[in-house]
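The sequence and the structure are shown first.

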Amino acid sequence: MVINEQCMKDILIYLDENSTVEVSNFGVRDIEIKTPGITELLNDLSKSGKYSIEEVAYNFLKCCKANLIDAQLYRQQNIVKAIQSNIYGITEEGDNFIKTH
């Protein structure tokens with residue numbers, strides 16, 4: 001596989017556009033970050049046919065490694081377990097990547 005900067009940009013834009021925060025109404029104002037999970041990201045960005053699901057997955061991992069995405073990936077040997085991983089959003093580097101590519 002090769003890095004596809006347009007795919008990386010589309011991943012970052014997708015995460016940015018589909019992320020929200022909610023503040024609790026209780027005494028302590030907790031902030032809940034809501035972002036798509038890995039499965040939703042892979043399915044949504046590959047369904048149009050513009051990218052294969054493998055291409056989205058590969059470039060998502062490259063975004064994480066380049067610190068463009070704030071994520072906690074749960075690995076079991078060489079497998080990233082989607083259900084146990086968390087995406088928190090894009091980083092400042094991710095914002096800059098969108099603006100410059």
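Helix axes are lines fitted to C-alpha atoms over the stretch in contact, and the angle between two axes runs from 0 to 180 degrees between their N-to-C directions. On that basis, helix H1 (residues 5–17) and helix H2 (residues 38–46) pack at an angle of about 120°, and their axes are 11 Å apart. The model discussed here is a predicted one.

**Overall fold**

The protein chain contains four helices and six strands. Read from the N terminus, its elements follow the order α-β-β-α-α-β-β-β-β-α. The C-alpha trace extends over about 50 × 35 × 25 Å along its principal axes. Of the 101 residues, 33% count as buried. Among contacts with a separation of 6 or more, 52% are between residues 24 or more positions apart.

**Helix packing**

H2 takes part in two packed pairs, listed below with their geometry.

| Helix pair | Angle | Axis distance |
|---|---|---|
| H1 (residues 5–17) and H2 (residues 38–46) | about 120° | 11 Å |
| H2 and H3 (residues 53–65) | about 130° | 8 Å |

H1 crosses H2 in a right-handed sense. On the H1 side the contact is formed by Asp10, Ile11, Tyr14 and Leu15, and on the H2 side by Glu40, Leu41, Asp44 and Leu45. By class, these comprise five nonpolar and three charged residues, with no polar ones.

The crossing of H2 and H3 is also right-handed. Here Ile38, Leu41, Leu42, Asn43, Leu45 and Ser46 of H2 meet Ile53, Val56, Ala57 and Phe60 of H3. This contact has eight nonpolar, two polar and no charged residues.

**Cysteines**

How many disulfides does the model contain? A disulfide requires a pair of cysteine sulfur atoms within 2.5 Å, and by this rule the count is zero. The sulfur of Cys7 has its closest cysteine sulfur in Cys63, at 7.6 Å, which is too far for a bond. Cys64 is in no disulfide either, since the nearest cysteine sulfur, again that of Cys63, lies 6.9 Å away. Burial begins under 20% relative accessible area. Cys7 is therefore buried, at 1%, and Cys64 also counts as buried, at 17% relative accessibility.

How values were computed. Residues are numbered from 1 along each chain as its sequence is written. This is a predicted model: local features need pLDDT of at least 70, side-chain atom pairs count only at pLDDT 80 or more; totals for chains, interfaces and linings use all residues. Side-chain values use heavy atoms; hydrogens and water are left out. Buried means under 20% relative accessible area, exposed over 50%, partly exposed in between (1.4 Å probe, protein chains only). A crossing is left-handed if the near helix is turned anticlockwise from the far one by less than a right angle, and right-handed if clockwise. Contact means heavy atoms within 4.5 Å. Ala, Val, Leu, Ile, Met, Phe, Trp, Tyr, Cys and Pro count as nonpolar, Asp, Glu, Lys and Arg as charged, and the others, Gly among them, as polar.
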